[in-house]
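I opened the model to look up a few local features. The entries below follow the order in which I went through them.

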Amino acid sequence: MSIEAVRNYLKQWQIDDRIQEFDVSSATVELAAKALNCAPERIAKTLSFLVDDQAVLLVTAGDAKVDNGKFKAQFHTKAKMLTPEQAVNMVGHAVGGVCPFAVNPGVLVYLDESLRRFDTVFPACGSSNSAIELTISQLEQYSGSLGWIDICKNWQ
């Protein structure tokens, strides 16, 4: 189970006990914000794309939208999201619980600038009813990201 993989992964920083599990779905930004009683923009949504036959995860603020022009400039291809089956097979998490933790080897993770305006954000933890509150520096450290990129619009 994906949430167990995330729990085991986060154990190395002794924060696995901070994972929150809900009795309701948190599979979308709106549902997660409602479950957490926070502003939707503070949900750190993880979007999964196919770039040169490789899974690429973009962690963005809940109110941000991927800018196709910026995506093409960054990755030299059109934005193509993974199918639900590809997400499970390539990333290791199902859509609704995709997160940057405990992903399959070879998955590339990037953090979008839209997140930097918050002290803390709430990424999912591998299931459609989980989240964890992390500072931006914790998210950066625990996600194993390759760095910060500016790939979104409509959040400023």
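**Entry 1: positive phi**

I began with Gln14, which lies in the loop between helix 1 (2-10) and strand 1 (20-21). The model is a predicted one, so I kept local features to pLDDT of at least 70 and side-chain atom pairs to pLDDT 80 or more, while totals for chains, interfaces and linings use all residues. Residues are numbered from 1 along each chain as its sequence is written, and side-chain values use heavy atoms, with hydrogens and water left out.

Gln14 has a phi near 55°, a positive value in a residue other than glycine. I noted its relative accessibility as 61%, which makes Gln14 exposed. My classes are buried for under 20% relative accessible area, exposed for over 50% and partly exposed in between, with a 1.4 Å probe and protein chains only.

I found a positive phi at Ala102 too, near 55°, and Ala102 is not a glycine either. Ala102 is placed in the loop between helix 4 (84-91) and strand 5. Its relative accessibility is 21%, so I put Ala102 down as partly exposed.

**Entry 2: aromatic rings**

I counted 6 aromatic pairs in the structure. Rings of Phe, Tyr and Trp (its six-membered ring) pair if their centres lie within 6.5 Å; planes under 30 degrees apart are stacked, over 60 edge-to-face, and the rest tilted.

One of the pairs is Tyr9 with Trp13, edge-to-face at 5.3 Å centre to centre and 70° between the planes. Tyr9 is partly exposed at 23% relative accessible area, and Trp13 is partly exposed at 22%.

I placed Leu115 in the loop between strand 5 (108-112) and strand 6 (120-123). Is Leu115 buried or exposed? Leu115 is buried, at a relative accessible area of 0%.

Neighbours within four places in sequence aside, I listed the contacts of Leu115 (heavy atoms within 4.5 Å). They are Ala44, Val59, Thr60, Ala61, Val121, Ile136, Leu139 and Trp148. I also checked Leu115 against Glu41: 74 residues separate the two in sequence, and their C-alpha atoms are 8.6 Å apart.

Trp148 came up again with Arg116, whose charged end sits over the Trp148 ring, 4.1 Å from its centre. The test was NZ of Lys or CZ of Arg within 6 Å of the ring centre and within 35 degrees of the ring normal.

**Entry 3: cysteines**

How many disulfides does a search of the whole structure find? I got 0, a disulfide being a pair of cysteine sulfur atoms within 2.5 Å.

For Cys38, the closest cysteine sulfur is that of Cys125, 13 Å away, so the distance is too far for a bond. For Cys152, the closest is that of Cys38, at 17 Å, again too far for a bond. Cys38 is buried, with a relative accessible area of 14%, and Cys152 is buried at 1%.

Technical notes: Helix = DSSP H or I, 4+ residues; strand = E, 2+ residues; numbered from the N terminus.
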